[in-house]
Amino acid sequence: MSMIVFASVVRVRDGLPLSASTDFCHSPAFLECRRRLKVLAPQLGRYPGRGSTETRDFRIHFSSSGDVACTAICSRRCPAAMAFCFVETLWWEFTATYDTACIGLASRPYAFLEFGLVIQRVKWHFNYAGCSQLRSSLEKVQEELEMQPPVVIALGDTEVASGALNGHAPKHLEPAPDFRMAPVTALGILSLVLNIMCAALNLVRGVHLAEHSLQLAHEEIGNILAFLVPFGACIFQCYLYLFYSPARTAKAVLGLLFICLGNVYLLGLRNPWQVLFHVGVALLSSHQILTRRLREKQAGCGV
């Protein structure tokens, strides 16, 4: 029997299965393990990070982060480091293929069944490539497991299911994985500096206009908002570039839209070159936000 027998991808918020491997054994012990995995899946949101549970013949390993958790049923002789390296490779592959919006809108089980081909490929690689090709990654994961062991869940007598129904599911205090962004580039730093400068210009003009408008007419209120809303959008663009956030594409487009609309509204108070400068900086910042990705996964851990 292979060391990694079965794998699946589930949505964290409700345990909806999104994809799974298709070839698995039909022994009673394995089917019982699958049943326990179905019980565990809706509770994965309570266990961010790595976790494990076991039956008499198999072990279940999972890695949960963000909207998605990846699970694997492994034989008892499968090293924990290999199992976690496997499920985390699946997590990277799945999140690189499907965005947060697609995952959130999925309404039926196995909506991404075509991803099963990727699961099969990665599973074959880990089962038959041999530990020598993965040695550096496995050693690193093993060190992490020794420093921060995965949570161990007792599933005997449907403990998790009964606890969830009564609102007393076991709590796990392990922090969620820290997903860092790729290093900033020189062009990214330039976009930050220009964005901060545009934000400062918008704030100064907006506050100055508010101070000198004793009786605020509707037109004056519109002008003030046209300065302050782009100010907030510029600061938000800086945040999106520096830190990871779900649905970054939609948020970046929304920020760009606010900046463009505000500057078009200010055409009477700004000349076309000033408007073009502000819009150009916003476009540059949006491009940098969309091209800066999460830090690459561990070398050698993938396929």
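This is a predicted model: local features need pLDDT of at least 70, side-chain atom pairs count only at pLDDT 80 or more; totals for chains, interfaces and linings use all residues.
Residues are numbered from 1 along each chain as its sequence is written, and side-chain values use heavy atoms, with hydrogens and water left out.

Helices (DSSP runs of H or I, at least four residues) and strands (E, at least two) are numbered from the N terminus. Helix H1 (residues 28-40) comprises 13 residues and reaches 18 Å from its first C-alpha to its last, close to the expected 18 Å; the expected span is 1.5 Å times one less than the number of residues. Residues are termed buried under 20% relative accessible area, exposed over 50% and partly exposed in between (1.4 Å probe, protein chains only). Buried positions in H1 are Phe30, Cys33, Arg34, Arg36, Leu37 and Leu40. Viewed down the axis of H1, these buried residues fall within an arc of 165 degrees and so line one face of the helix, the arc being that of the directions from the helix axis to the C-beta atoms. Pro28 and Lys38, on the other side of H1, are exposed. The cover over the buried residues of H1 includes strands E1 (4-11), E3 (49-54), E4 (58-65) and E5 (68-75).

Eight salt bridges are present in the structure, each defined as a side-chain nitrogen of Lys or Arg within 4 Å of a carboxyl oxygen of Asp or Glu. Glutamate 54, partly exposed at 43%, pairs with arginine 59, with the closest N and O atoms 3.2 Å apart. Glutamate 54 also pairs with arginine 76, at 3.6 Å. The latter pair links distant parts of the chain, 22 residues apart: glutamate 54 lies in strand E3 and arginine 76 in the loop between E5 and helix H2 (80-97). A further salt bridge joins arginine 56 and aspartate 57 (3.4 Å, N to O); arginine 56 is exposed at 69%, while aspartate 57 is partly exposed at 30%.

Val184, Ile189, Val193, Phe236, Tyr239, Leu242 and Phe243 make a nonpolar surface patch of about 610 Å². Patch residues have over 30% relative accessible area and no salt bridge; nonpolar side chains (Val, Leu, Ile, Met, Phe, Trp, Tyr) are joined within 5 Å, and like charges within 9 Å. Areas come from the Shrake-Rupley method with a 1.4 Å probe, and for residues only the protein chains shown count as cover. Helices H7 (186-211) and H8 (218-242) each supply at least two patch residues, and H8 gives the largest share, three residues. Phenylalanine 243 lies in the loop between H8 and helix H9 (248-265) and is partly exposed, at 46%.

Terms used:
Contact means heavy atoms within 4.5 Å.
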